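Subject: A structure for you to look at

Hi there,

Here is the structure I promised to pass on. Please open it and keep it beside you as you read.

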Amino acid sequence: MKKIIVLLHGWSSTMTNKRYKSAKELLEKQGFIVYIPDLPGFGENSIIEKESLEFEDYISFVHTYIVDILKKTKQKQVILIGHSFGGRIAIKFTSLYPQIVSNLILTGASGIPRPLPSVKKKLVFAATKILRPFFVVPPFSFAYKFFRKLIYYSIGEMDYYKAGKLTQTFKNVYKVSIQEDLEKISVPTLLVWGEKDITIPVKDAKLMHEFIKNSELVIIPNATHRLPYEMPVEFTNEIIKFV
């Protein structure tokens, strides 16, 4: 019987099917059945009934999704992969429902509290507001967008920059720490990280590795936060070896 993989995408993955297509195809060639759902607010699941969602809403969605798959396939467990925001969900989900997760794979997973020093944060956001009037007149208005994007990139807040209509949802879910959930994970876990991930740095992966008792950590040289779709061969090779 083919093993089932459910991959939970990152926060800004608006083109889920395209971004993870190569990784999906590589895993399917190895005999896995791979599902990549659009999380609420993203892709074809972009319409949400509430003004904003809580972290628990995403856990509930994934639980319903996986249970439906298990009923249809008459299997008992899935291999759960979480990338970035999807990793945060996967950690919490696995701590709550270990009986339906055979293996957990995390890559660039968020959830370790890394608050920006308040003084630096205030200075960064103040700078964007103070300089905004100077960029009102075209073509400087375009320059402001570039400047603002550069500022958010420099402090590792690109997900917030791209949040758009999901800004409040972003605030709701990213205030939740999953650090305490890490110690509750009992299933075999692989952390596969990009060496040059500046969004969720390797130090977070090492900390997760310490907290998750039954875990392995693999760091991919020259890989970034986009490891699953920029280096799908290297990414899936580690998954196949682990599983």
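Below is what I found, starting with the whole chain and then going to a few places in it.

A word on the basis: this is a predicted model, in which local features need pLDDT of at least 70 and side-chain atom pairs count only at pLDDT 80 or more, while totals for chains, interfaces and linings use all residues. Residues are numbered from 1 along each chain as its sequence is written, and side-chain values use heavy atoms, with hydrogens and water left out.

The protein has 12 helices and six strands; these are DSSP runs (helices H or I, at least four residues; strands E, at least two), numbered from the N terminus. Of its 243 residues, 46% are buried (under 20% relative accessible area; exposed is over 50% and partly exposed lies in between, with a 1.4 Å probe and protein chains only). Among contacts (heavy atoms within 4.5 Å) with a separation of 6 or more, 71% are between residues 24 or more positions apart.

Now find helix α3, residues 55-73. Its 19 residues reach 28 Å from first C-alpha to last, close to the 27 Å expected at 1.5 Å a residue (1.5 Å times one less than the number of residues). Which residues of α3 are buried? They are Phe55, Tyr58, Ile59, Val62, Ile66, Ile69 and Leu70. These residues lie on the same side of α3 because they cover an arc of only 100° around the axis, taken from the directions from the helix axis to the C-beta atoms. That buried set packs against β1 (4-8), β2 (33-35), β3 (78-83), α4 (85-96) and α8 (167-174). On the face turned away from the buried side you will find the exposed residues Glu56, Lys71 and Lys72. Just after α3, lysine 74 takes a positive phi of about 60°.

Next, look at α2 (residues 21-29) and α12 (residues 232-242). Their axes, which are lines fitted to C-alpha atoms over the stretch in contact, with angles from 0 to 180 degrees between N-to-C directions, come within 9 Å and cross at roughly 40°. Where they meet, Ser22, Ala23, Leu26 and Leu27 of α2 face residues of α12 including Phe235, Ile239 and Ile240.

Last, proline 221 sits in the loop between β6 (215-220) and α11 (227-230). Proline 221 is exposed, at a relative accessible area of 52%. Beyond its neighbours within four places in sequence, proline 221 contacts Glu195 and Met231.

Happy exploring!
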